[in-house]
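Subject: The model to look through

Hi,

Here is the structure I said I would pass on. Have a look at it first, and then read my notes below.

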Amino acid sequence: DQTGKRGDDLKELTYTVTGNVITGEKLNVTLSTTAVKDSAGSYPIKVTVDASENYQVTVTEGTYYISEQNLTITSENVNVVYDGLKHGISVSASAEGVSAPDIRIYYSEQKISDTTDLANNPAALTTSPVRNNPCSVPVYYYVVCGSEVFSGSRTLTITKAPLTVTANPASISRGQAPVNSGVTYSGFVNGETAARFNGTLSYSYTYSSEMPDGDYSITPSGL
């Protein structure tokens, strides 16, 4: 195989012979490729052998990989406060002289070790995995440009939204058992309500019926 950067002059093609060749026996090897220096991609290296009929020749052809000179990948971590919406990471890539459809970006929730055929890998997604609940998870990305695959990861973090539960004021006469007037919520997002809670609202009081007149606390809990 041979590698190079787009725009650079093509390198000399070389080969290796394995086995013993008797001095004077005919063995002529010619290498050729369709690679051109101004186009990134994978190009076959063809091997033509003219050898003595005394040898059984097995040929392994190679590949000339030409990569981009200036591939730019842009990605950022995502850190948002819970808003009830779905969030994922965003990755963009560009390279001089390469049209957008020729650069492919894949995403995955797991690290992919074999990136040779991402288009047919069920773990490789064409859009970012998303989350809509509090979390902090890695999202892996793979940028395919020509024959090269560039990989990385970003962290998707959704922190809990602040929510305030305030007990409403209540009035009673001395000697009565403590009562409550419900609560007021502040901080729900995306149209959510207290129906999202799994617990049961309960109250505790710093007042009992034997206490004198005064102001006492009502504390909600259980949500």
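Threonine 200 counts as exposed, at 65% relative accessibility. For these labels, exposed means over 50% relative accessible area, buried means under 20%, and partly exposed is in between, with a 1.4 Å probe and protein chains only. This threonine 200 sits in the loop between strand 12 (183-186) and strand 13 (202-205). Strands here are DSSP runs of E with at least two residues, helices are runs of H or I with at least four, and both are numbered from the N terminus. Leaving out residues up to four places away in sequence, threonine 200 touches Ser221, Gly222 and Leu223, where contact means heavy atoms within 4.5 Å. Threonine 200 and leucine 223 are 23 residues apart along the chain, and their C-alpha atoms are separated by 5.8 Å.

Before you go further: this is a predicted model, so local features need pLDDT of at least 70 and side-chain atom pairs count only at pLDDT 80 or more, while totals for chains, interfaces and linings use all residues. Residues are numbered from 1 along each chain as its sequence is written, and side-chain values use heavy atoms, with hydrogens and water left out.

The loop between strand 12 and strand 13 also holds asparagine 190. Asparagine 190 is exposed, with a relative accessible area of 51%. What is the phi of asparagine 190? It is positive, about 55 degrees, although this residue is not a glycine. Most residues other than glycine have a negative phi.

Now the whole protein. It has zero helices and 14 strands. Its radius of gyration is 34 Å, well over the 17 Å that the globule rule gives for 223 residues, so the protein is more spread out than a compact globule. That radius is taken over C-alpha atoms, and the rule is 2.2 Å times the number of residues to the power 0.38. Along the principal axes, the C-alpha atoms fill a box of roughly 120 × 35 × 20 Å. Of the 223 residues, 23% are buried. Among contacts between residues at least 6 apart in sequence, 53% join residues at least 24 apart.

Next, some strand pairs, where two strands pair if DSSP finds at least two bridges between them. Strand 1 (residues 2-5) and strand 4 (residues 62-67) run parallel and are joined by four bridges. Lysine 5 has serine 67 as its bridge partner in strand 4. Strand 1 has a covered face with Gln2 and Gly4, and an uncovered one with Thr3 and Lys5. In a regular strand the side chains alternate between the two faces of the sheet.

Strand 10 (residues 148-159) is joined to strand 6 (residues 78-81) by four bridges, and the two run parallel. Valine 81 has threonine 159 as its bridge partner there. Strand 9 and strand 10 run antiparallel, with eleven bridges. Valine 143 stands opposite phenylalanine 150 of strand 10. How many residues lie between the strands in the hairpin of strand 9 and strand 10? There are two, and glycine 146 in this hairpin takes a positive phi near 65 degrees.

Arginine 131 is in the loop between strand 8 (103-108) and strand 9 (135-145). With a relative accessible area of 32%, arginine 131 is partly exposed. Its contacts, not counting residues up to four places away in sequence, include Leu85, Glu109 and Ile158.

Last, the largest pocket, with a volume of about 570 Å³. On a 1 Å grid over the protein atoms alone, a pocket is an open set of points where a 1.4 Å probe fits, with protein on both sides within 12 Å along at least five of seven lines, and lining residues have an atom within 4 Å of a point. The points are joined across faces, edges and corners, and the volume is the space filled by probe spheres set on them. This pocket is lined by 26 residues, and Thr16, Val17, Thr18, Thr58 and Val59 lie nearest its centre. The lining divides into 13 nonpolar, ten polar and three charged residues. Here Ala, Val, Leu, Ile, Met, Phe, Trp, Tyr, Cys and Pro count as nonpolar, Asp, Glu, Lys and Arg as charged, and the others, Gly among them, as polar. Strand 2 (27-33) and strand 3 (41-51) each supply at least two residues of that lining.

Cheers
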